[in-house]
Amino acid sequence: MSHLLVKPSAATGKVIDITPESAKTPLSPDWNYVGFALHKLKAGEVAREETGDREVILVIVEGKVDLSAGDEAFGVCGDRMNVFERS
């Protein structure tokens with residue numbers, strides 16, 4: 001993956017974190033809204049984010065998660081245990 005502009009910072013945990021502030025460059029000075037974070041978690045690990053008033057989209061690539069936001073619990077989500085499985 002050497003052709004990626006943003007490379008993972010670790011093997012597990014939050015491995016990529018792009019914020020609107022970190023995405024601003026001379027070519028994209030008006031980047032104000034969209035961020036991206038990639039978490040690669042082992043069984044039992046937890047990811048937490050303070051999102052404030054930002055909208056969030058969660059994409060579960062593989063595995064299962066016990067998902068909650070604030071005081072609302074959504075239960076276990078995800079049904080593909082491997083990215084190569086057909087859903």
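Is Ala43 buried or exposed? Ala43 is exposed, with a relative accessible area of 85%, where buried means under 20% relative accessible area, exposed over 50%, and partly exposed in between (1.4 Å probe, protein chains only). The structure is a predicted model, in which local features need pLDDT of at least 70 and side-chain atom pairs count only at pLDDT 80 or more, while totals for chains, interfaces and linings use all residues. Residues are numbered from 1 along each chain as its sequence is written, and side-chain values use heavy atoms, with hydrogens and water left out.

The mean pLDDT of the chain is 86, and 94% of its residues reach 70 or more; pLDDT is the predictor's confidence in each residue, from 0 to 100. Confidence in the chain is highest in strand β4 (residues 72-77), at a mean of 94, and lowest in helix α1 (residues 20-23), at 85. Helices (H or I, at least four residues) and strands (E, at least two) are DSSP runs, numbered from the N terminus.

Two salt bridges are present in the structure, a salt bridge being a side-chain nitrogen of Lys or Arg within 4 Å of a carboxyl oxygen of Asp or Glu. Side chains of opposite charge can pair when their charged atoms come close. Lys14 is bridged to Asp17 at 3.4 Å, N to O. Between Lys14 and Glu49, the closest N and O atoms are 2.7 Å apart. Because Glu49 lies in the loop between β2 and β3 and Lys14 in strand β1 (residues 13-18), this pair ties together parts that are 35 residues apart in sequence. Lys14 counts as partly exposed at 31% relative accessibility, as do Asp17 at 43% and Glu49 at 41%.

The loop between β2 and β3 also holds Ala43. The C-alpha atoms of Ala43 and Gly63 are 9.1 Å apart in space, and the two residues are 20 residues apart in sequence. Val61 lies in the loop between β2 (36-40) and β3 (65-69) and counts as partly exposed, at 43% relative accessibility. Together with Ile57, Val59, Val83 and Phe84, Val61 makes a nonpolar surface patch of about 580 Å². Patches are made of residues with over 30% relative accessible area and no salt bridge, like charges being joined within 9 Å and nonpolar side chains (Val, Leu, Ile, Met, Phe, Trp, Tyr) within 5 Å. Accessible areas come from the Shrake-Rupley method with a 1.4 Å probe; for residues, only the protein chains shown count as cover.
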